[in-house]
Amino acid sequence: MKLKLALSLSALFFASSLFAAPQVGQAAPAFNLTDSKGKSHSLADFAGKTVVLEWTNHDCPFVVKHYSGNMQSLQKQFGTDDVVWLTVISSAPGKQGHVTGAKADELTISRNAMPDAVLFDETGVTGKAYDAKTTPHMYVIDKKGVLQYMGGIDSIASAKVDDIAKATPYFSDALTAVLAGNPANPAVTKPYGCSIKY
Amino acid sequence: MTLFLRLFFFAVLVLLTTVSVQAETSGWVNASHLKAELVSDHQDVRPGQSFKLALHFIPDEYWHTYWQNPGDSGLATSIEWTLPDGVEAGAIQWPAPLAISVPPLVNYGFEGPTILVSELTIPADFSGSQLQIKAKVDWLVCKEICIPADASFELNLPVTQAAIEARDYKKLFEQASQHQPKVTQLQGRYDVQNQKFSAAIQMPEDLKVSAFFVSAPELVDHAAPQQIDWVDGELLLRQQQNTYFSQALPQFDLVLNTAAGPVLLQLQHESAPQVSPATLASFSLLDWLGMLVLAAAGGLILNLMPCVFPVLSLKALSLVNGQNSAQQTKTEALWYSAGVLLSFVALAAVLLLLRAAGQAAGWGFQLQNPFVVGALAYLLFVLGLSLSGVVQLGLGWMNSGQQLTQKQGHKGSFFTGVLAVVVASPCTAPFMGTALGYAATQPALAALAIFAALGLGMALPFLLLAWWPGLAALLPKPGLWMEKLKQWLAYPLYLSAVWLLWVYGRQQGLDALALALVGLVLVGAACWLWGQQQLQQAGKISGLIAVVLLLGAIALLWYPQPAAQQVAQTDHAEVWSEQRLKQLVQDGQPVLVNMTADWCITCLVNERVALDTDSSKAAMALYNLRYLKGDWTNKDPAISAYLRQFQRDGVPLYVLYWPGQPPEVLPQILTPDSLRQALEQLSSKQPLITSQ
């Protein structure tokens, strides 16, 4: 009880930040970003579709792990008309992982990747709004624009390709559930990987 | 292929080669930006023994590896042991981590040479002549970029009857223990609520903690500011909760950076006690004992409150003036405590009697009488003047002054205690709301004991001062400084008088306030005349005039027309009334009721930081919330009755009505997002259906 009292007292003096973290079950933060071809996309454009956000940095070993085949097969598996897959790069200009539009397209082709668009978030505003911390970092937004999943791509935090088969595929399970109209379970997991170079 | 990837593959290739050396070290393994070895602190081991193994990392300058909780990104180093049957390896004994900032993220890890120690235990019946140890280690080394790597290490130690330490590596193990946090016996509990991590750790002395590290991953927002306070024997830690937090662990390790180096302790999870009004009505011994402790703690805190502090500073002054013997001081402290205690009990008795008589009375009610407020303002002003030297009320404030405390010795001490309680009463409401609310629903004797505990807590510092010779010895010798101190202490009194006058003004209006200020001038003149007379510079007639002036000042407090009931209006609040509330609730509107009073400091703070803010106003607009404010600055039976519905005898009280849900009482101390969070929670339970 003393704990409670003391904590309440300190609450008086605690300058809480007004930082609003994204929350599953709440509207996903809006964004308006330009893709590798110069076209701009905003979240509102995709109303009625399920949106996947995938934060990436092609040089990050954890991204390399999943682009050894896993990410491409996920993109293929879920690449229907109902799902929009957006790959997001938040590396700031001059920071590691920052690429040009041409280079991004080249990476897409050379890796046989098939995102609907590769978006640039050079200012980091969108990444910070989603509290994206690592690459890869996955999000699922349902047809109504409500955030349904955020976190890691799977359960084993490692850079080893062998672990993919052993891991629980959190993201894939979540997206499958959301497409079936069910809530993701778990809906929030630990993201792992390289830090995003804001 | 980028340089980065080349390095990565190079590292993996190099590391997959197993290095095997038959000695107390595995030999160095070179990986990109890091070299590593596995070392034993024994060159020969014996059955039944425990010994240590150190994984020694030397990364390139500015490169780092990660702690058990790596923070926002990164990966903790892990060791997978392959050991002979029966041999067991303990967990890594981590060195104290650093916070490595990569804005906007923060990681926890190690820079420079790093030694990770694990303890191995050999069973007593171990029969082999060799101990073969294999360790597969995974790590991530990062600067701007990250390079994951793994390596296998092997040690073969001879097993003999005489264990022999490896002398060459003694220093390395010494370094390792220097870098490890010191294990302490501190007890700590933590909780995660309202998107905040908070912990309280019993800590008899302030260890000057500068930072903390939680080993639980995804618990705190690593980059958020850490709030560290040491209050009353407890270290309080707070930090924003991590966005990816999902489950509170029953316990985890915590490292504190202190002035004397890092220390390690465990934090246990504590689920918040649920105090629902309904359960308070039945008497439970355990609850009651808890409440006694809470009340005593609250009483102790009261000493620091602005309403009490001025009186206390006067009392302290009398205790340090050194003119009393130790025995006298003890007696005085006892009389003072008796004054405090009995006043609390008397107030409680009055409160309970009034309740029994069906009166709508509440704690702090004496300040609802404007005359009492005005008279108190005068009183504090007079006391201030005496400290300033305008009038000599005696050698010390204690032995002189106004009617009640002017008696020498015991009586003076006793009535100082009484006065302290009278001026403390407005402060008790916010701090002791729970205990008071509880007491008010208990059998009379149990309730009186709660109030007595409150008084005991308040008197405690003086009892300690009187009984602890060491403490008394620490106090400086009397001298001129005391006179200066006395003069300085006048100013808190003047400020308290100003505050009381402000309350008076809010109660009675501007005209009445002006009259009270005239009264204050009369009081000043009276004191000055009185002082003149004391200096033998004025005749007896001055004393008479002084008395007339004082009576005049008091008469001015009977301003015939109290101002029309004015409620503190803010642009987004409506005046509370029972009917208006009923009507809104019937219409299916969400409603927030705020019961407040001008003399309630907590209420004002809450309004400033949590209710009258842009974000709360936005939340009110978003949820179409109606905001009703009830002002209890003056006595209002309707509000008193309303408070009692929620087992409260004082303000603040915040009640949130959501259609289809029982009314929810918000905490008495609000944080900036309390309201928003409560609304989000309620709306997720029961979405609002509007008729449009």
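Me: Is B:Trp94 buried or exposed, and why?
Reply: B:Trp94 counts as buried because its relative accessibility is 13%. Buried means under 20% relative accessible area, exposed over 50% and partly exposed in between, with a 1.4 Å probe and protein chains only. This is a predicted model, in which local features need pLDDT of at least 70, side-chain atom pairs count only at pLDDT 80 or more, and totals for chains, interfaces and linings use all residues. Residues are numbered from 1 along each chain as its sequence is written, chains are lettered from A and ligands numbered from 1 in the order in which they are written, and side-chain values use heavy atoms, with hydrogens and water left out.

Me: How many aromatic pairs are there over all chains?
Reply: The count is 20 aromatic pairs over all chains. Rings of Phe, Tyr and Trp (its six-membered ring) pair if their centres lie within 6.5 Å; planes under 30 degrees apart count as stacked, over 60 as edge-to-face and the rest as tilted. In chain A, A:Tyr130 and A:Tyr139 make an edge-to-face pair, 5.2 Å centre to centre with 75° between the planes. Both A:Tyr130 and A:Tyr139 are buried.

Me: Why is the pair of B:Trp94 and B:Phe110 stacked?
Reply: The planes of B:Trp94 and B:Phe110 are at 10° and the ring centres 6.2 Å apart, so this pair is stacked. B:Trp94 is in the loop between β8 (88-89) and β9 (98-102) of chain B, and B:Phe110 is in strand β10 (residues 105-111) of chain B, so the pair ties together parts 16 residues apart in sequence. Helices (H or I, at least four residues) and strands (E, at least two) are DSSP runs, numbered from the N terminus.

Me: And B:Phe110, buried or exposed?
Reply: B:Phe110 is buried, at a relative accessible area of 6%.

Me: Which residues form one aromatic cluster with A:Tyr130?
Reply: A:Phe31, A:Trp55 and A:Tyr139 form one aromatic cluster with A:Tyr130.

Me: New topic. What is the strand order in the open sheet of chain A?
Reply: Seven strands of chain A form this open sheet, in the order β2-β1-β5-β4-β3-β7-β8, and the pairing is mixed. Two strands pair if DSSP finds at least two bridges between them. The edge strands are β2 (40-42) and β8 (147-151) of chain A, each pairing on one side only.

Me: How many bridges join β1 to β2(A)?
Reply: Three bridges join strand β1 (residues 32-35) of chain A to β2(A), and the two run antiparallel. A:Asn32 stands opposite A:Ser42 in β2(A).
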